[in-house]
Amino acid sequence: MENKLTDRAFWKSFWESRIGLIFSIKPDYVFGNILAKIIKQKNTKTAIELGGFPGYYAIYLKKYQQLNTTLLDYFIHRDLVNQLLAANGMNRDDINIIEADLFNYIPAEQYDMVLSFGLIEHFADTKGIIATHLPFLKPAGTLFITLPNFTGVNGWVQRNFDRENYDKHYIASMNPTLLAEYCRQLGLKNVEAYYHGGFSIWLENKAHQSAITKGFVKALWLAGKMISKVVPVESKLMSPYIVVKAEAGNQ
């Protein structure tokens, strides 16, 4: 897919520069409550996380839901994955790992649940990148996609204080109505797409910001948290994420 906004060099540099990459994943990890409900309702046994290095959700779902999980990404730093597994009391063979280009890889098997977190917004062909998830999905399986919402306050912060990161995201993809329509066009059913989460903002380059910028962003974060406590509504302006859920047909 030629319209991707990042490349292998970007991700190698991104992950190797990250601080705090290795930690013990807690039971209340973000989206965990939604996933647990789906797993219980659908009796989910297998899952694959696409573009998910270093595998937080493959590990989370194995650790807390006892799923047979697989991580697929075209950049896999095996030592970092092993460190993350060890930090979570797991062995290096507790999750399956596939290092491959999503756009060229032909799945050897299908899964009850296909997930991606922060993947699709890095490609300008939104419908096309969603479509790449479907060959991995069993009949009646669940598709679960999340992406950041940069169309509200968090996007304003990214645009003004980390333009390089902002420009790695296809902002037009951050539209729940459009995402739901693409899913339906691809033949998926029981489609849901919505803003998720209480107010939050972040900066990937926080360590390189001035004290003034850090102070301003922290003050904005505190103000937003206070407002969201008074008006606890998930919305385009305030919510940090978008969630997409859908199901494959039975055939």
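This report describes a predicted model, moving from its sheet to the helices around the sheet and then to its aromatic pairs.

Because the model is predicted, local features need pLDDT of at least 70 and side-chain atom pairs count only at pLDDT 80 or more, while totals for chains, interfaces and linings use all residues. Residues are numbered from 1 along each chain as its sequence is written, and side-chain values use heavy atoms, with hydrogens and water left out.

## The sheet

Seven strands form an open sheet with mixed pairing, in the order β3-β2-β1-β4-β5-β7-β6. Helices (H or I, at least four residues) and strands (E, at least two) are DSSP runs, numbered from the N terminus, and two strands pair if DSSP finds at least two bridges between them. Strands of a sheet pair through backbone hydrogen bonds, either parallel or antiparallel. The edge strands are β3 (96–99) and β6 (189–196), each of which pairs on one side only. On average, and with direction ignored, neighbouring strands of this sheet are turned by 15° against each other; such angles run from 0 to 180 degrees between N-to-C directions, and axes are lines fitted to C-alpha atoms, for helices over the stretch in contact.

| Strands | Sense | Bridges | Residues opposite each other |
|---|---|---|---|
| β1 and β4 | parallel | three | A47 and M113 |
| β6 and β7 | antiparallel | six | Y195 and I242 |

Strand β7 is mostly covered, since five of its seven residues are buried, where buried means under 20% relative accessible area, exposed means over 50%, and partly exposed lies in between (1.4 Å probe, protein chains only). Helix α8 (residues 176–185) lies across β5 (137–148), β6 and β7 (241–247), and this helix runs at about 160° to β6.

Where does S239 lie? S239 lies in the loop between α9 and β7, and at 2% relative accessibility this residue counts as buried. Although S239 and Y195 are 44 residues apart in sequence, they are 6.0 Å apart in space, C-alpha to C-alpha. Not counting residues up to four places away in sequence, S239 touches N149, Y195, H196, G197 and E234, with contact meaning heavy atoms within 4.5 Å.

## Helix α3 and its surroundings

The buried residues of α3 are Y56, Y57, A58, I59, Y60 and L61, and they pack against α2, β1, β2 (68–73), α4 (78–87) and β4. Just after α3, Q66 takes a positive phi of about 55°.

## Helices α6 and α9

The axes of α6 and α9 come within 12 Å and cross at roughly 175°. The two helices α6 and α9 are therefore roughly antiparallel to each other, a term used for angles over 145 degrees, whereas under 35 counts as roughly parallel, 65 to 115 as roughly perpendicular and the rest as oblique. In their contact, V153, W156, V157 and F161 of α6 meet T213, F216, V217 and L220 of α9. By class, the contact of α6 with α9 has seven nonpolar, one polar and no charged residues; Ala, Val, Leu, Ile, Met, Phe, Trp, Tyr, Cys and Pro count as nonpolar, Asp, Glu, Lys and Arg as charged, and the others, Gly among them, as polar. Within α6, V153, N154, G155, V157 and Q158 are buried, and what covers the buried residues of α6 includes α7 (163–166) and α9.

## Aromatic pairs

How many aromatic pairs does a search of the whole structure find? The search finds 22 aromatic pairs, where rings of Phe, Tyr and Trp (its six-membered ring) pair if their centres lie within 6.5 Å, and where planes under 30 degrees apart count as stacked, over 60 as edge-to-face and the rest as tilted.

One of these pairs is formed by Y29 and Y60, a tilted pair with 6.0 Å centre to centre and 40° between the planes. Because Y29 lies in the loop between α1 (8–16) and α2 (32–42) while Y60 lies in helix α3 (residues 56–65), the pair ties together parts that are 31 residues apart in sequence. Y60 is buried, with a relative accessible area of 3%.

F161 and F216 also form a tilted aromatic pair, with 5.9 Å centre to centre and 50° between the planes. F161 lies in helix α6 (residues 153–161) and F216 in helix α9 (residues 211–230), so this pair ties together parts that are 55 residues apart in sequence. F161 is partly exposed, with a relative accessible area of 22%, and F216 is likewise partly exposed, with a relative accessible area of 38%.
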